[in-house]
Amino acid sequence: TIEEEYKLLKSGLSELKIAILKTVQLSINTKIGEIATHVYGKDAKTPALVLAENNYSFDIVDDTGTGKAFANLVIFDLAIFALTDLPILIHDTPLFKNVENQAVAKFINEYLKFEKQSFVALDEIKKYGTEAEELLLENIVTQVSNDRVLYIKDWRKR
């Protein structure tokens, strides 16, 4: 009877885990859909997180290019940032290099929706349009350049 009870409990636990994963998956994918719609419009092809008991996948519809992959990663990060108590989000310049300029400009609006702290490093902010440039300049904390390094030591020089 112990073995039978163990199998029953194990099966029940598995079913509970799957139900919880489906709830989490639905929450994340709903938020991903909202953010993708804000960035790409109502006809956006949104990525989908699929959570299974022992694995997961992040399915991307049609466009598997590098820029779209990085944009989908930003969308996923923003969704997790919105749905959790994660206190900060950091995205660095290389993440945006292959993403369409118009999408990056829309991401700026998404970052500004949060009461939590997000750190975004971007180069060449003029290419994202006047509105995005103005938002970035209004919210800038620090700006580095070739003659204004972040640290005392210029790490490009030996």
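Modeller: A pocket is an open set of points on a 1 Å grid over the protein atoms alone, where a 1.4 Å probe fits and protein lies on both sides within 12 Å along at least five of seven lines. Its volume is the space filled by probe spheres set on the points, which are joined across faces, edges and corners. We're looking at a predicted model, where local features need pLDDT of at least 70 and side-chain atom pairs pLDDT 80 or more, while totals for chains, interfaces and linings use all residues. Residues are numbered from 1 along each chain as its sequence is written, and side-chain values use heavy atoms, leaving out hydrogens and water.

Colleague: How much space lies in the largest pocket?

Modeller: Its lining (residues with an atom within 4 Å of a point) has 28 residues, with Val120, Ala121, Leu122, Ile140 and Thr142 nearest the centre. The lining divides into 17 nonpolar, seven polar and four charged residues. As for the space, the largest pocket holds about 1000 Å³.

Colleague: How many aromatic pairs are there?

Modeller: Rings of Phe, Tyr and Trp (its six-membered ring) pair if their centres lie within 6.5 Å; planes under 30 degrees apart are stacked, over 60 edge-to-face, and the rest tilted. By this rule, the count is two.

Colleague: What kind of pair do phenylalanine 58 and phenylalanine 76 make?

Modeller: Phenylalanine 58 sits in strand S2 (residues 56–59) and phenylalanine 76 in helix H2 (residues 66–83), 18 residues apart; strands (E, at least two residues) and helices (H or I, at least four) are DSSP runs, numbered from the N terminus. Their ring centres are 5.4 Å apart and their planes at 65°, so the pair is edge-to-face.

Colleague: And what about phenylalanine 81 and phenylalanine 114?

Modeller: Phenylalanine 81 is in helix H2, and phenylalanine 114 is in the loop between helix H4 (101–111) and strand S4 (117–120). With centres 4.6 Å apart and planes at 50°, the pair is tilted.

Colleague: Which residue lies over the face of phenylalanine 81?

Modeller: A charge sits over a ring if NZ of Lys or CZ of Arg is within 6 Å of the ring centre and within 35 degrees of the ring normal. At 4.3 Å from the ring centre of phenylalanine 81, the residue is lysine 116.

Colleague: Which residue in S2 is the bridge partner of leucine 51?

Modeller: Strand S1 (residues 48–51) and S2 run antiparallel, joined by four bridges; two strands pair if DSSP finds at least two. They form a hairpin with four residues between them. In S2, the partner of leucine 51 is tyrosine 56.

Terms used:
Nonpolar A, V, L, I, M, F, W, Y, C, P; charged D, E, K, R; others polar.
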